[in-house]
Amino acid sequence: MVAQEPTKPSTAVEPSARVPNQERPQRKTRAMSGTGGRTAALFLTPFFAIFAVAMVAPVIYAVVLSFFAQQKSGLGFGEAKTAFVGLENYLQVLQSESFVGGIGRLALYCLLYIPCMVGGALAFALLLDATVARARKLFQLLVFLPHAVPGVIAALIWAYLYTPGVSPIVSALETGGISLNFLDNQLILPSIVNIAVWEWTGYNVIVLFTALQAVPREILEAARVDGAGEIRAAISIKLPLILPALSVIMLFTVIGTLQLFTEPSIISKATASVTSTWVPNMWAYDAAFNRHNLNQAAAASIIIALMAAVLSWAVTRFSSRMNKA
């Protein structure tokens, strides 16, 4: 008889016994990711619900409304019926001289407002970054304080300061032999630009100043060692490093400029130089609530939104190229 070797105990682990142990970390990771996703969805649901009701639904309704019009049968004495008119409302809005004139005034407003506000905010931010620590907080408060005033209140204050006979500024100028009417046709646009600059410069100063605080101090100290003064350091070092923040300010300023409404609406109560259709937003408001033509108001609103989208795209493209340069 041949002796049989005793069988050695096998150290290999059966696949069926090995797979569950290897899958446990993966299952745990999947379970955690699934729980995190459900938690995130739970917290984000209220935001998306409010966003859909307050933003998406009105935009869709405005788009649908802009393709219809109220038409009366016969000689105009019949009952008004809603009819699909396609792009007719858009054509009527673009053919309106008051609407096109409002776009022209808005373009001039942009040419005056954006350089003054952005340039002033940049200059103030650079000055704040170069001042001593004790004076810095006081200057921040003084510069930001006008932004704390609501837009309606700011417009009312400046309407008082512009009105002849009651304005201390106009009276002081007349005492010095200077006669200016800030509410006439020649000066009304710069007057409204002044209100917006006074109101929004401080906000943008804080944004730019915050970006300046993130500039590495080592680079500035090395520049000073090399003999660079404050102006040279501001132009050659600080300005290139805060271009992303400056780009964001430009984008928000362009979008906000197209929404000009509050200041001219308040000023229109004090002068006849500002009509009810002075800028596109006022034209849309007048169409909706004075002329009761909601369809044309919706079409005008969509046109303004498209203008904002195109200008935002142009500013973003220009800013990205500047940041890469």
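Helices (H or I, at least four residues) and strands (E, at least two) are DSSP runs, numbered from the N terminus. This is a predicted model, in which local features need pLDDT of at least 70 and side-chain atom pairs count only at pLDDT 80 or more, while totals for chains, interfaces and linings use all residues. Residues are numbered from 1 along each chain as its sequence is written, and side-chain values use heavy atoms, with hydrogens and water left out.

**Exercise 1. Check the span of helix H10, then work out what covers its buried residues.**

Start with the length: H10 runs over residues 243-258, which makes 16 residues. The expected span is 1.5 Å times one less than the number of residues, so H10 should span 22 Å, and its end C-alpha atoms are 23 Å apart, which agrees. Next, pick out the buried residues: Ala 245, Leu 246, Ser 247, Ile 249, Thr 253, Val 254, Thr 257 and Leu 258. Finally, see what lies over them: the cover includes helices H3 (97-130), H7 (188-213), H9 (230-241), H12 (280-289) and H13 (294-324).

**Exercise 2. Go through salt bridges of the model and say how exposed the partners are.**

Side chains of opposite charge can pair when their charged atoms come close. The structure has four salt bridges (a side-chain nitrogen of Lys or Arg within 4 Å of a carboxyl oxygen of Asp or Glu).

- Take Arg 217 and Asp 129, with their closest N and O atoms 3.8 Å apart. This pair joins distant parts of the chain, since Arg 217 is in helix H8 (residues 217-225) and Asp 129 is in helix H3, 88 residues apart. Arg 217 is partly exposed at 34%, whereas Asp 129 is buried at 7%. Asp 129 and Arg 217 also belong to a salt-bridge network with Lys 238.
- Then Arg 224 and Glu 230, where the closest N and O atoms are 3.4 Å apart. Arg 224 is partly exposed at 39%, and Glu 230 is partly exposed at 39%.
- Then Asp 286 and Arg 291, at 2.9 Å between the closest N and O atoms. Asp 286 is buried at 10%, and Arg 291 is partly exposed at 38%.

**Exercise 3. Describe the backbone and setting of His 292.**

First the backbone: His 292 has a positive phi of about 55° although it isn't a glycine. Then the location: His 292 is in the loop between H12 and H13. Last, the accessibility: His 292 is exposed, with a relative accessible area of 64%.

Key. Buried means under 20% relative accessible area, exposed over 50%, partly exposed in between (1.4 Å probe, protein chains only). Contact means heavy atoms within 4.5 Å.
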